[in-house]
Amino acid sequence: MKQLKFNHKLAELIRRGKKTATFRMYDDKDLSVNDTVELLDKVITDKPATWVPIGEVRIDSVIEKRLSDLSEEDLERYEGFKSRDQMLRQYKEYYGDRVTLDTPIKVIHFTMLPLQELSAANAAESMSLKEVNLYTDGGSRGNPGPSASGYAIMDLSGRILVKKGVYLGITTNNQAEYLALKLGLEETQKMHVRRVHVYMDSLLVVNQMLGVFKIRNRDLWPIHDSLKEMIKSFDKVSFTHVPRSMNKIADAAVNEALDAAARGL
């Protein structure tokens, strides 16, 4: 599948629905109307390991113009440039001195598609996965208060296989984090996955699962012990702490579940 990559600031605008178009120069992907394209968030631009998928879009229109034909409004609206000089400087830094105001550029408008979510059974059947990345998150509005767990299972290329948020009722934030991990691992078991790479923004849970931190809250002992037993059924389960900015899909699943519960859905 074709891909478009964005810096983190622009990726956030896309997630919020405030950016639905982009400029592309020297289009080696030959983007066309009706193409389905995967978008990537370059969380840390010079570290590809941090890049995460935003989702998929459908291209609605492709308009080719010279750089000189772009209005000041176009520059700021589509790419955040404050002036034509700023645009020209940035493109020259990336593409070299071949860029001039006569250089053609494509203005690409797109529509975000719903996240691809497969059932665990379908994902296992269609892909015969043995190894996945699991992102989990939990949140409590009140701590304790209304809580939810969320998780996203992805293949190693970053494609979302399963994304789910579950409303829990009244719990603490740490309980929600642990339950998210449990729910995510249970889903990977249904897929007959053998190796799971877990990514969480809860440093506490990651270090407790690794045995670095002791568990001082007795309420967490039962679920921690059950997770330790569950992990034995896999060939490998690794735990990595990531910043919240790299856990946006699971975080979104948490908030979607909490918002739905608040609306009585």
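**Exercise 1.** Work out how strand E7 sits in this predicted model, buried or exposed.

*Solution.* Start with the cut-offs. Buried means under 20% relative accessible area, exposed over 50%, partly exposed in between (1.4 Å probe, protein chains only). Strands are DSSP runs (E, at least two residues), and helices are runs of H or I with at least four; both are numbered from the N terminus. Now count. Strand E7 covers residues 145-154, and nine of its 10 residues are buried, so the rest of the structure largely encloses E7.

The model is predicted: local features need pLDDT of at least 70, side-chain atom pairs count only at pLDDT 80 or more, and totals for chains, interfaces and linings use all residues. Residues are numbered from 1 along each chain as its sequence is written, and side-chain values use heavy atoms, without hydrogens and water.

**Exercise 2.** Find which strands pair with E7.

*Solution.* Two strands pair if DSSP finds at least two bridges between them. Step one: take E6 (residues 131-140). E6 and E7 are antiparallel, with eight bridges. Here Gly-138 has Ser-149 of E7 as its bridge partner. Four residues lie between the strands of this hairpin, and Gly-142 has a positive phi near 140°.

Step two: take E8 (residues 160-171). E7 and E8 run antiparallel, joined by 10 bridges. Pro-146 stands opposite Ile-170 in E8. This hairpin has five residues between its strands, and Gly-158 takes a positive phi near 95°.

**Exercise 3.** Give the strand order of the open five-stranded sheet and explain its edges.

*Solution.* The order is E1-E3-E4-E5-E2, with mixed pairing. Strands E1 (2-7) and E2 (21-24) stand at the edges. Each has a single partner strand, so one side of each lacks a neighbour in the sheet.
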